[in-house]
Amino acid sequence: MKKKEIIEYLETSEPIELFSTADKVRKEFCGNGVLLRALIEFSNCCNKRCLYCGLNAENQTLPRYRLKKEAIIACVKAAVNDGLKTIVLQSGDDFTYTKDDLCSIVKGIKGLGREIAVTLSLGERSIDDYLSLKDSGADRVLLKFETTNETLYQKLHPGQSLKKRLELLNQLKQIGFQVGTGNIVGLPGQTSEDLAEDILFFKEFQPDMVGIGPFMPQKETTLAKELPPSVDLVLKVMALTRLATKNSHMPSTTALNTLDKSAGHLKGLSSGCNVIMVNYTPISNRKNYRIYDNKNSLNLNQVLDIVKQAGRKVDFSRGDSLKSKDQNKST
Ligand code: SAH
């Protein structure tokens, strides 16, 4: 897979063959099951100022919330009762939760059953925090690099550093977390070449999980008037990433299913994806987790219906990494 070839695919208008090849590779390396992850968006408070994100610290109009441990555990119980075994704890970069607070939440969740896997998606905490969280039982981390273009990264993430984020990703892998990363497709100013570099990064890093979603404008941000990319461009990045990573878990993302409300997930599932997120955030908080507008989160019944329509089977197992441990260690 050469950069030039990837760019050609990204710029082709009828990529049917690419999608079906990705579908075959997904079937060969990940099987036919669709894994489920329970998403709990436990705080929309954030100290960062990412230009595309509605949670950014400068958004004064957003009603902020923080769930306490008991409320989070109640969401986890609902997910576990439904048979889900992976809990994704997601929030803005909210440092009012101390390391001890987070460790206590993770321990509380693991106390409900050792077979439950916990994924942390809470941003750039110190490696010391992550080590303690690992000791408390956390299994996985999701930290998207968003774009590998350093200039674009700098513009969209004031005061942040791509280098630092990538260093943290490497450290998280080294300390033994299953690591997920990902990008945003269609960021204002992003080129096909940038996307090709993102895909080459996935090929090199071989993440345990890759989350790919379209840029979706959010009305309270400075990028409110920018347009999202085409559905096909997102699917092409997903399909090429499936070819580049073979057996990385890849969710058909909520953002894709927001860009194409009628068929986003169906298209994602037939372009290389093998995972769907089910939302367990309390309904009253969900509308305020406005990373982008009109977020089309789904409940379990809606997901089951889509998986059936896709002619696939739901897989209720934990869905641990398909990468071998040795491979994880050596890179
Ligand atoms: N604070 C955590 C979680 C951020 S929210 C962290 O920094 O990792 C999770 C993801 O939402 C982000 O990684 C980003 O890729 C995505 N996101 C935020 N705003 C978005 C937007 N407007 N369009 C598309 N994706 C967005």
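The model is predicted, so local features need pLDDT of at least 70 and side-chain atom pairs count only at pLDDT 80 or more, while totals for chains, interfaces and linings use all residues. Residues are numbered from 1 along each chain as its sequence is written, and side-chain values use heavy atoms, with hydrogens and water left out.

**Stop 1: the ligand**

The shell holds 20 residues, the closest being Tyr-52, Asp-93, Lys-144, Glu-146 and Met-216. By class, eleven are nonpolar, five polar and four charged. Here Ala, Val, Leu, Ile, Met, Phe, Trp, Tyr, Cys and Pro count as nonpolar, Asp, Glu, Lys and Arg as charged, and the others, Gly among them, as polar.

A polar backbone atom of Tyr-52 is 2.9 Å from a nitrogen atom of the ligand. For Ser-91, a polar backbone atom is 3.0 Å from a ligand nitrogen. At Met-216, a backbone N or O atom lies 2.8 Å from a nitrogen of the ligand. The ligand taken alone exposes 550 Å², and the protein buries 90% of that. Such areas come from the Shrake-Rupley method with a 1.4 Å probe.

**Stop 2: Lys-48 and its partners**

The structure holds 20 salt bridges, each a side-chain nitrogen of Lys or Arg within 4 Å of a carboxyl oxygen of Asp or Glu. Select Asp-93 and Lys-48, whose side chains meet in one of them at 2.3 Å, N to O. Asp-93 is in the loop between strand E2 (86-91) and helix H4 (99-110), and Lys-48 is in the loop between strand E1 (33-43) and helix H3 (69-81), 45 residues apart. Helices (H or I, at least four residues) and strands (E, at least two) are DSSP runs, numbered from the N terminus.

Buried means under 20%, exposed over 50%, and partly exposed in between (1.4 Å probe, protein chains only).

**Stop 3: helix H7**

Move to Lys-163 and Glu-167, a salt bridge with its closest N and O atoms 3.8 Å apart. The two are four residues apart in helix H7 (residues 162-174), about one helical turn. Lys-163 is exposed, at 58%, and Glu-167 is partly exposed, at 42%.

Finally, select Lys-48, Asp-93, Glu-124, Glu-146 and Arg-165, which salt bridges with shared partners join into one network.

Notes. A residue is near a molecule or strand if one of its heavy atoms lies within 4 Å of it. A polar contact is a pair of N or O atoms within 3.5 Å; within protein, one must be able to donate a hydrogen and the other to accept it, and residues adjacent in sequence count only if both atoms are side-chain atoms.
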